[in-house]
Amino acid sequence: MSDDVAVREVAAEQAFVDRVYRQLGESTAAAQQLAREGHDRGRLGHEGGLVERDAMVFQAAKRIAQLDAAHEGLVFGRLDMRPELDPEPRYVGRIGLRDANRDSLLIDWRAPAAAVFYQATAAEPHDVVRRRVLRAAGPKVTGVEDELLDDSVDTDLPIVGEGALMAQLSRARDRSMHSIVATIQAEQDKAIRAPSKGVVEISGGPGTGKTVVALHRAAFLLYTDRRRYEGGGVLIVGPSGVFMRYIERVLPSLGETAVALRSLGEVVDGVRATRHDEPAVADVKGAARMAEVVRRAARQAVPGAPREFRMFYRDDRIVLDRQVLGRLRRQLLNQGLRNRQIPRVAMTLLDAMWRQVRGERGRERGRDAFNDEMLGNDGFLEFALRWWPPLDAPQVMAWLRDADFLARVSDGILTQEEQTLLHKSWSEQLSIEDIPLLDEARYALGDLPEKSKDGDEFSDHLGGDLQELTTASEREFATGPSWKPPTNRIEDDPFAHVLIDEAQDLTPMQWRMVGRRGRAASWTIVGDPAQSSWPVPAESESARRTALEGKQVHAFHLSTNYRNSSEIYEFAAGYASRVGLDADLPTAVRSTGIAPTVIGPVDDLEASVRSEVARLSSEVSGTVGIVVPAARRAEVNAWLAAWPEFAADAPSAAAPGVTPSGEDRIVVLTGLDTKGLEFDGIVVVRPQEIEDESQTGRAVLYVVLTRATQLLTTVS
């Protein structure tokens, strides 16, 4: 194919793309006009106008956001069908557009009519003669890649390029994941368009595109049943904040913005954690038995609460001692969650107190007079509020910082060594492993009851502000500034669809946390057991089954590694085999002819790492990752900041546990941080230390070795 033909084909496609962008501008202007009309309706001065305004403005804003998100790579595909079926080409894009005559100009990639763009192959062309992928930079077409799928048709269609998929695979990586909407392969498309009900499990080895396929599935579900999924919400959960920043551009680029993307440290509304505990501590906090520890804690007497109450009523001395109060506490807890019992507290206490009224004067006045007098007594009300205060999850979690309290609630559940690990781990700064425990406490306590609409005296008297009714000494277990109560109520947690990436890493406690948000949801679950960082897979699997109980499972397996060169993946697979990992080994479709480099042992670690980072960054145009043991992260970040040749790439303040943001080309990460990410080049520092730092270190190192697309070096 001559260059002249390629230039001519690009020019022809540019003319069509220009037409689409003109229509996009007209559609945006129409949506903006609709928004203005909506605001005008609000000035009519009656409720009907306000309702119309809200509806029009809401719909217009959604459409404007969708149109704005679609500008990059708006048109990416073209199908030329058998002439007798359709003589006109069909164009596929990120959103659907119609022209001024309401004729289809661009087919949304999620629409059934676009499915053949991904499903057609040379073996089964589905009446497609030629499939074309348009490469673009903004509105400018930079090239085309063609595949002739049916050579039995007599056609003069030119075939240009070397294939869109291989062109995509050879592209340099940056700090964001990109849509593969133009190059989705047939096995990936089946998972994307799977039934919407139940659970879709997407499995496969490294580099098979599990994550990006799952994200495209979320966009597909929003397209096919927008009312359900946009109304109920779509929750996407990933392993880390680094990972979520990496993928955050994919869905908006597909025309979707109504999705909650959260790392495991952000699943609970209003609470955020970014640091991991040490592996031994994380293993304890993630274990299923921690649920019982938290449940016991939520049922304990409030530390610092009054242990008895004494008063005189007429001729009687009334005493609620420790034994009586303990019995009443158990009685209330047996009736339901702690916070939900607040309206019953006053009556329960008054019942016990009335039984001690035996004098004639008190009995003559009767129970109603007794209740009225007690509920008007500041001493009684203050006692009731201190004995059974409204509680939030951070308060209960803070009680566990006390060694004696922790020992009491974990007796028979945690060993002394595990208790010591937990006690030393609590700090003002939440860890990612603390978040499921915080959520467990929320559900063990229950939401506070709403204030009664009819002025129910018990709800009103005991729904007061704990901050105003307790002294500093009684809040000695108060929480630090980062332990904030969640901002929503429990009933607001569930979503319509839950997508879990790197599912093999979820601890039993994390499965409990995520499962609460998907009780009535459909699910997409992505993972590879060989990459698991949780040391007790059977326990995690049990928690997963509980979270998904009663839901039909549709399983899809991806078998082709699109990320790694065959040389890199053979190196990683060889490691997995040597250390006994039962790894799913996909087929790598691309070869560079460059084998991984193994350096070591070395005398000067910094000099060796610096040399390799320089070499890789000069040979690849995209990102370079320096992967280190967790204990060396601060040290290597300091090296990078001090190397003048990388000053433009290094973060200005490289603190331990902080990932550089923005467009930094070179980044320092731990093994766990690399989950789900990919780089053009990887330098692995002290791989044996990465393997040794946790029970699942071999799986973590295997993950690290599969992150590079072009070049891999290990420095020992």
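The model is predicted: local features need pLDDT of at least 70, side-chain atom pairs count only at pLDDT 80 or more, and totals for chains, interfaces and linings use all residues. Residues are numbered from 1 along each chain as its sequence is written, and side-chain values use heavy atoms, leaving out hydrogens and water.

**Stop 1: a helix**

Select residues 633-642, helix α26. Helices (H or I, at least four residues) and strands (E, at least two) are DSSP runs, numbered from the N terminus. Now colour R633, V636, N637, W639 and L640, the buried residues of α26. Buried means under 20% relative accessible area, exposed over 50%, partly exposed in between (1.4 Å probe, protein chains only). These residues cover an arc of only 155 degrees around the axis, which puts them on the same side of α26. The arc is that of the directions from the helix axis to the C-beta atoms. Next, show α25 (605-619), β18 (624-628) and β19 (666-670): the buried residues of α26 pack against them, with contact meaning heavy atoms within 4.5 Å.

**Stop 2: salt bridges**

A salt bridge is a side-chain nitrogen of Lys or Arg within 4 Å of a carboxyl oxygen of Asp or Glu. The whole structure has 46.

Select R131 and E147, whose closest N and O atoms are 3.2 Å apart. R131 lies in strand β5 and E147 in strand β6, so the pair ties together parts 16 residues apart in sequence. R131 is buried at 10% relative accessibility; E147 is partly exposed at 33%.

Jump to K675 and D505, with closest N and O atoms 2.9 Å apart. K675 is buried, at 1% relative accessibility.

Finish with E9, E13, R78, D80, R130, R132 and D146, linked in a network of salt bridges.
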